[in-house]
Amino acid sequence: MASQDRPERVLADLLALLAIADQAILLQERAEAVLQACAEPAESAQFVAREGTRVAGEYQRLWTWSLDFAPSAGDGSVERRLSDLVLLHFQMLHVAVRLAFPRQATPGAYRRVRAVEDLAPWVAELRSVRDELNLWITALTPAG
């Protein structure tokens, strides 16, 4: 956050980013279900396509919002890390759904999907970023 920003504006932006992190974490279970379904050849193509598109779209929306609340965040900042992690979730879902429905089905298509099905390390980092945002907010919130 820029040093010339008013403390109340910084706090409002951090609260918005915290809400975005919370929403991204809440999507996790649905995202993992989609990734698992993409890796199973017998899974319903309609479920994978419909739910995968919905969940990926939610992550893309959250990513766009995260950029709105921290447009000048520098590389490595907590704000940029949040944006990058949400974007990563979107990209993983998008790629997995596309790999699940290749134009020309190849024998190894499902193995490629399995390679992207585990979001656990990224969720752990997302939770860490969320906790860091919460600490910032606590430090900026006047004692009442």
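Here are some notes on the predicted model above.

1. Ground rules. As a predicted model, it has local features that need pLDDT of at least 70, side-chain atom pairs that count only at pLDDT 80 or more, and totals for chains, interfaces and linings that use all residues. Residues are numbered from 1 along each chain as its sequence is written, and side-chain values use heavy atoms, with hydrogens and water left out.

2. Confidence. Mean pLDDT (the predictor's confidence in each residue, from 0 to 100) is 83 for the protein, with 82% of residues at 70 or more. Among the elements, helix 1 has the highest mean, 92, while helix 5 (residues 109-114) has the lowest, 49.

3. Layout. We have 6 helices and 0 strands, counted as DSSP runs (H or I, at least four residues, for helices; E, at least two, for strands) and numbered from the N terminus. Of the contacts (heavy atoms within 4.5 Å) with a separation of 6 or more, 79% link residues 24 or more positions apart.

4. Burial and surface. Of the 144 residues, 38% are buried, meaning under 20% relative accessible area (1.4 Å probe, protein chains only). The accessible surface (Shrake-Rupley, 1.4 Å probe) is about 8,300 Å², and 55% of that belongs to carbon and sulfur atoms.

Terms used:
Buried means under 20% relative accessible area, exposed over 50%, partly exposed in between (1.4 Å probe, protein chains only).
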